[in-house]
Amino acid sequence: MSIFKKIIDRELPAEIVYEDEFCLAFKDIQPKAPVHLLLIPKIEIRSLAEANENHKELLGHLLLKASEIAHQQGLDSGFQVITNSGESVGQTVFHLHFHILGGKKLSWP
Ligand code: 5GP
């Protein structure tokens, strides 16, 4: 079971900022920006690479919520939504998550 599943099940504490039937958003424990949230689906999908056609609606929901939550957090001038898919690009927790980042000038990549 991933760390994030434990957060969903309230077995591990987290600073939750949004929750609905399908997803949960909470503050990253090691923030890389003044606002750094993680948005995750409640069902277990290891990464974006393992998502499939059955997850189409859920993925749309997550992206729309990412924008809504970013605005709720005051990120009106802009924000980044990033997902790492695979160990080789830095994924460390194998439960799909979108980083929502903002509150300072961010570079890319
Ligand atoms: P990844 O490297 O997989 O893209 O991102 C994983 C993120 O999860 C990292 O930014 C890391 O700081 C965060 N993280 C890891 N463990 C925990 C935890 O127990 N609680 C919270 N809130 N964030 C975590």
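First, some housekeeping. This is a predicted model, in which local features need pLDDT of at least 70 and side-chain atom pairs count only at pLDDT 80 or more, while totals for chains, interfaces and linings use all residues. Residues are numbered from 1 along each chain as its sequence is written, and side-chain values use heavy atoms, with hydrogens and water left out.

Now the ligand. It is surrounded by 16 residues, and the closest are Asp28, Asn84, Gly90, Thr92 and His99. A residue is near a molecule if one of its heavy atoms lies within 4 Å of it. By class, this shell has seven nonpolar, seven polar and two charged residues. Here Ala, Val, Leu, Ile, Met, Phe, Trp, Tyr, Cys and Pro count as nonpolar, Asp, Glu, Lys and Arg as charged, and the others, Gly among them, as polar.

Which elements supply at least two residues each of the shell around the ligand? They are α1, residues 3-8, and β2, residues 23-27. The most comes from α1, which gives three residues. Helices here are DSSP runs of H or I with at least four residues, strands are runs of E with at least two, and both are numbered from the N terminus.

Next, the polar contacts, meaning pairs of N or O atoms within 3.5 Å; within protein, one atom must be able to donate a hydrogen and the other to accept it, and residues adjacent in sequence count only if both atoms are side-chain atoms. A polar backbone atom of Ile29 is 3.3 Å from a nitrogen atom of the ligand. Gly90 also uses a polar backbone atom, 2.9 Å from an oxygen atom of the ligand. With His97 it is a polar side-chain atom, which lies 2.9 Å from an oxygen atom of the ligand. Of the 520 Å² of accessible area that the ligand has on its own, the protein covers 85%. Those areas come from the Shrake-Rupley method with a 1.4 Å probe, and for residues only the protein chains shown count as cover.

On to single residues. Is Gln91 buried or exposed? Gln91 counts as buried, because its relative accessibility is 3%. The scale is this: buried means under 20% relative accessible area, exposed over 50%, and partly exposed in between, with a 1.4 Å probe and protein chains only. Gln91 is in the loop between β4 (80-82) and β5 (98-102). A polar atom of its side chain lies 2.9 Å from the backbone oxygen of Arg46, and the side chain of Gln91 also reaches the backbone oxygen of Val93 at 2.9 Å.

Ser85 is found in the loop between β4 and β5. Its relative accessible area is 29%, so Ser85 is partly exposed.

Ser77 sits in the loop between α2 (56-72) and β4. With a relative accessible area of 82%, Ser77 is exposed. From C-alpha to C-alpha, Ser77 and His55 are 30 Å apart in space, and 22 residues apart in sequence.

Back to helix α1, where we find Lys5. Lys5 has a relative accessible area of 18%, so it is buried. Lys5 and Ile40 are 35 residues apart along the chain, and their C-alpha atoms are separated by 9.4 Å.

Two backbone details to finish. Arg10, in the loop between α1 and β1 (16-19), has a phi near 65 degrees, a positive value in a residue other than glycine. Arg10 is partly exposed, with a relative accessible area of 47%. Where is the cis peptide bond? It joins Trp108 and Pro109, with omega about 0 degrees, and Pro109 is in the segment after β5.
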